[in-house]
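This note concerns the salt bridges of the structure shown below. Please read the numbered points alongside the sequence and the model.

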Amino acid sequence: MTTGASKLRFALIAALALALLAGVAGWLLVEHQGRGLERRLPTVDTSASEPQVAARIEQAVAGVRADPDRARAWAELAQVLHAHAFHAAAVDAYLEARALDPGDYRWPYLAALAQAKLDLAAAVAHFETAAALEPANPAFHVNFGDLLLQLNQPATAAERYRRALTIDPATGHAHYGLARIALADDDPGSARALLERAAAAAPDHAEVQALMAQVLARGGDAEAARRAERLARAGGATRAEDPVVAAMEALAVSSTAIARRGARLAKAGDYVAAERAFRQVLEIRSGHPRDHANLGAALARQGKIKAAITEFRRGLQFAPDDADLLNNLGQTLAEAGDLGGAAELLERVIELDETRVEARVNLGAVRERQGDTEGAVGLYRAALALDPTHADAYTNLGSALARSGRITEADEIWSAALAVDPRNHASRYNLSMARVGQGRHREAIALLEEGRRYAPRSSRFLALLAWELATAPEENLRDGREALALARVLFEAAPQNPERADLLAAALAENGRFEEAAGTAEAALAGLDPALELAAAIKQRLSLYRQGLPYRQPH
């Protein structure tokens, strides 16, 4: 009994000891993993960061702690760090994501971009890792090519640019990269052809025009080189569109990143979203006059004039002599009808900075409204003397000359504007209208067709082009089928617009569909005041449609 009891007691104690050991062993394993994870987590100092940035990084860290074996958790942390310029830490996190998901090229690619901020040569290995996965993203190959070119490896850079063009032949930045290589190889002919393709794909890429100016100057075409230089000054820095980089940057929550986002939205014409972004910036930080200027501009673009004026005035409380704010407030006061207040502010801007072109253009517009056409013309000419590429100065000067009856001078100004920048849409439209009025329909159509290439969604260009194709007096200039296609698109976008209905009716008549033309014209007339000039013109055309005749512009 005693022996048996001893054995039993020993067995129980042994079992308990094993259980305890098992528990200790388990605890030791968990503790080891925890220390290992902490070592793997990148260290960043967010003490100088905005609170929402520190919180967003901590949220991403918590995601990794919750699931350290999930590539997406590491990738999110890496992208959040990258988006807030913690580049070294971002590289470490991207490599963790890469180890867990070796088939996704995005993580070594983004690691390469982050590493390039620290060490160009070290970034090559990350690019090569991503390249081995054959990404079908032209921007990847362009960025890899750009890096190789910076490292003076033109042959391998050219391979990357050509790979980008294999994926998308319209990748303008790849053509630009190859043009740089061709020019370095003393092949200006190839460089020029490549730059022409690059400009067609990315017309706002200033570096393309700057390099084109060099090529043209080398070829002895000084005038064309000067035009390219002016286009370069009018353009801006661009980069290849890249959904991978865009997704990373979208994770940024710093006020600086949100302000940049707002600026991009404003440039794209989404002023409502831009307003939201700029308001968010002001919630994060205060005392920055530029933030009030940005919000005021977004409000003004939406027609919220009183709110815009308020924001500009708030900005001026922090910087009373800020020329941009004074200019913007002056322009907005003019839109509100306070011409005297606007002129006073704009004159103040010119006093502060005699080179401020926008202030002269805006003051010229105010002078016109005050009835001082010659004063306006002088201001526009002065603006062009300071900046021979300024689109609004050309457009406004031509319009002021035309309104004062100096049609020939206006024609020359608008033509000069297009020679400087063929993307000056306002001058192109005005010149096209002038050509129509002069009966030079062939030239008008050519101008509009070229304008459609630069601005394929411009309703003004499309409407005038459709009108010319439907109603030009010369038979060989008309194209009823194309006119009707354009007119339908425009009418469907604004079916209550009587001018669009008038256009559609003319296009229908040109195609021999007189009954439909008459019905469309009648519907347009139903919503118009009979005293209006447009109503009288539609009524005259309606009588033709009822007789089975299309409308023709007079010779």
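1. At 19% relative accessibility, E96 counts as buried, where buried means under 20% relative accessible area, exposed over 50% and partly exposed in between (1.4 Å probe, protein chains only). The model is predicted: local features need pLDDT of at least 70, side-chain atom pairs count only at pLDDT 80 or more, and totals for chains, interfaces and linings use all residues. Residues are numbered from 1 along each chain as its sequence is written, and side-chain values use heavy atoms, with hydrogens and water left out.

2. R40, the salt-bridge partner of E96, has its closest N and O atoms 3.3 Å from that residue; a salt bridge is a side-chain nitrogen of Lys or Arg within 4 Å of a carboxyl oxygen of Asp or Glu. Because E96 belongs to helix α4 (residues 87–100) and R40 to helix α1 (residues 2–40), the pair ties together parts 56 residues apart in sequence. Helices (H or I, at least four residues) are DSSP runs, numbered from the N terminus. R40 is partly exposed, at 31% relative accessibility.

3. A salt bridge also joins D104 and R106, at 2.6 Å from N to O. D104 is buried at 12%, whereas R106 is partly exposed at 28%.

4. E409 and R381 form a salt bridge at 3.5 Å, N to O. Since E409 lies in helix α23 (residues 407–420) and R381 in helix α21 (residues 373–386), this pair ties together parts 28 residues apart in sequence. Both are partly exposed, E409 with 30% and R381 with 38% relative accessible area.

5. Salt bridges with shared partners connect R290, D322, D324, D353 and R356 into one network. The count of salt bridges comes to 38.

Key
Helices (H or I, at least four residues) and strands (E, at least two) are DSSP runs, numbered from the N terminus.
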